[in-house]
Amino acid sequence: MHTFVLSDPSRCIGCRACEIACVKAHLGDYTGRVTRRQMPFAPRITVVHEAEVTAPIQCRQCEDAPCVSVCPAGAITHDGEVVRVDESRCFGCKACMAACPVGAMQVGHLPGKPDRLLAYKCDLCEDRDGGPACVAVCPANALKIMDGGELQRIAGGRRRHSALQVAFGQR
């Protein structure tokens, strides 16, 4: 089973530290130019504020990723672990944005590519020691790395709870 980052809206305080950490993790040599308005602020995670809930939304690295299926350039691939965008093949058509079930895919100008539209999304900070920057920086522990073991643990707990409800009624 693949790995992805999942948010817990009940813990999110809407501080947007995850967005800032994401941009910083992906800027590389361009760090500092965003603040001087020379570079786009392009986080690969987006904090959504709605009525009484706030939640960061990012790519779920879908195993049957619709963005991979609709990409006419073959620029989006899934290697079984991470959905990747090949910037050299992407031409910014936005088909991936329309297909993404969680709204995680974005198209825009990335640092270092001011004259090209490109698709971009969470890449789990593959090149960063310590994993995703958003998870590391979240002061409310609202972001969690979900892997196969964690998903099995959660599903097992819910099955046990359901079995107890069936056996003994509502508790």
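Author: This is a predicted model, in which local features need pLDDT of at least 70, side-chain atom pairs count only at pLDDT 80 or more, and totals for chains, interfaces and linings use all residues. Residues are numbered from 1 along each chain as its sequence is written, and side-chain values use heavy atoms, with hydrogens and water left out.

Reader: Which residues of the largest nonpolar core touch the most other members?

Author: A nonpolar core is a set of buried Ala, Val, Leu, Ile, Met, Phe, Trp, Tyr and Cys residues joined through side-chain atoms within 4.5 Å. Buried means under 20% relative accessible area, exposed over 50%, partly exposed in between (1.4 Å probe, protein chains only). The largest core has 33 residues, and those touching the most other members are C67, I76, C96, M105 and L143.

Reader: Which element gives the most to this core?

Author: Helices (H or I, at least four residues) and strands (E, at least two) are DSSP runs, numbered from the N terminus. At least two core residues come from each of α1 (17-27), β2 (45-50) and β7. With 3 residues, the top contributor is β7.

Reader: Where is K121?

Author: Strand β7 covers 118-120, and α4 covers 133-137. K121 sits in the loop between β7 and α4.

Reader: Which side chain makes a polar contact with that of K121?

Author: A polar contact is a pair of N or O atoms within 3.5 Å; within protein, one must be able to donate a hydrogen and the other to accept it, and residues adjacent in sequence count only if both atoms are side-chain atoms. At 3.3 Å, the partner of K121 is Q61.
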